[in-house]
Amino acid sequence: MIALAFVLTCGPVSAVEHWFAHDGDTLWHDKKRVQLLGIDAPELSQPCFDAADKIWPCGKYARDHIQHLIASGNVSCIIEGKDRYDNDVGVCFVGTIDLGRDLVKHGLAVADTRYLAEEREARIAKRNLWAGTFIDPGEYRRGGRP
């Protein structure tokens, strides 16, 4: 099977003018939504618990982490398909930084098809989500609560 991919870039203007993070795994470029492939980040409203069992807004942390990265340079995406809502799904970069990989590496998203080594590294290092307890983002969307 041959997969078609294309690159979506924002040109010479500032990335912050055209790209923004809706949540930890969803970007908007003008009116086009791009879902990051291979990860599942906590929902924006999702709480998590740290090692001391103190609540922290992990969904907002994930979104803010991505927003900080996309504000630092030009964003490009390799679109690999569509999701069930007909939104683009792909791997996005700021320079050479793979945004999905970076989120997983920092313990701010779980790997669902890629980045398993980065997730294992984050788990062992007890980074962010892995420092305490959290509900899997997919389970949270289905109504699971802490």
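**View A. Cys77 and Cys92 form a disulfide in which the sulfur atoms lie 2.0 Å apart.** The link joins distant parts of the chain, with Cys77 in strand S8 and Cys92 in strand S9, 15 residues apart. The model is predicted, so that local features need a pLDDT of at least 70 and side-chain atom pairs count only at pLDDT 80 or more, whereas totals for chains, interfaces and linings use all residues. Residues are numbered from 1 along each chain as its sequence is written, and side-chain values use heavy atoms, with hydrogens and water left out. A disulfide is taken as a pair of cysteine sulfur atoms within 2.5 Å, and by this rule the count comes to 2 disulfides. The torsion about the S-S bond of Cys77 and Cys92 is about 105 degrees, so this disulfide is right-handed. Cys77 has a relative accessible area of 0% and is buried; Cys92 is likewise buried, at 0%. Here buried means under 20% relative accessible area, exposed over 50% and partly exposed in between, with a 1.4 Å probe and protein chains only.

**View B. Strands S8 and S9 form a hairpin with 5 residues between them.** Strands are DSSP runs of E with at least two residues, helices are runs of H or I with at least four, and both are numbered from the N terminus. Strand S8 covers residues 75–82 and strand S9 residues 88–94, and the two pair in the antiparallel sense over 7 bridges. Strands count as paired if DSSP finds at least two bridges between them. Val75 of S8 stands opposite Val94 in S9. In the turn of the hairpin, Asp86 has a positive phi of about 70 degrees.

**View C. A disulfide is formed by Cys48 and Cys58, with 2.0 Å between the sulfur atoms.** This pair links distant parts of the chain: Cys48 belongs to strand S6 (residues 48–49) and Cys58 to helix H2 (residues 58–70), and the two are 10 residues apart. The link of Cys48 and Cys58 is right-handed, with 60 degrees about the S-S bond. Cys48 counts as buried, at 0% relative accessibility. Cys58 also counts as buried, at 0%. When the bonded cysteines of the protein chain are numbered in sequence order, the pairing is 1-2, 3-4.

**View D. Asp88 and Lys32 meet through their side chains in a salt bridge of 3.4 Å, N to O.** Asp88 lies in strand S9 and Lys32 in strand S4, so the pair ties together parts that are 56 residues apart in sequence. A salt bridge requires a side-chain nitrogen of Lys or Arg within 4 Å of a carboxyl oxygen of Asp or Glu. Asp88 is buried, with a relative accessible area of 2%, whereas Lys32 is partly exposed, at 34%. Lys82 joins Lys32 and Asp88 in a network of salt bridges. In the whole structure, a search finds 10 salt bridges.

**View E. Glu80 forms a salt bridge with Arg114, with the closest N and O atoms 2.8 Å apart.** The pair links distant parts of the chain, 34 residues apart: Glu80 is in strand S8, and Arg114 is in the loop between strand S11 (110–111) and helix H4 (116–125). Glu80 counts as partly exposed, at 37% relative accessibility. Arg114 is also partly exposed, with a relative accessible area of 29%.

**View F. The side chains of Arg141 and Glu43 meet in a salt bridge of 2.7 Å, N to O.** Distant parts of the chain are linked by this pair, with Arg141 in helix H5 (residues 137–141) and Glu43 in the loop between S5 and S6, 98 residues apart. Arg141 counts as partly exposed, at 46% relative accessibility.

**View G. The largest pocket is lined by 19 residues, and those nearest its centre are Asp25, Gln35, Asp40, Arg84 and Arg141.** Strand S2 (19–23), strand S4 (32–36) and strand S5 (39–40) are the elements that give two or more residues to the lining. S4 supplies the largest share, 3 residues. A pocket is an open set of points on a 1 Å grid over the protein atoms alone where a 1.4 Å probe fits, with protein on both sides within 12 Å along at least five of seven lines; lining residues have an atom within 4 Å of a point. The lining divides into 5 nonpolar, 5 polar and 9 charged residues. Ala, Val, Leu, Ile, Met, Phe, Trp, Tyr, Cys and Pro count as nonpolar, Asp, Glu, Lys and Arg as charged, and the others, Gly among them, as polar.
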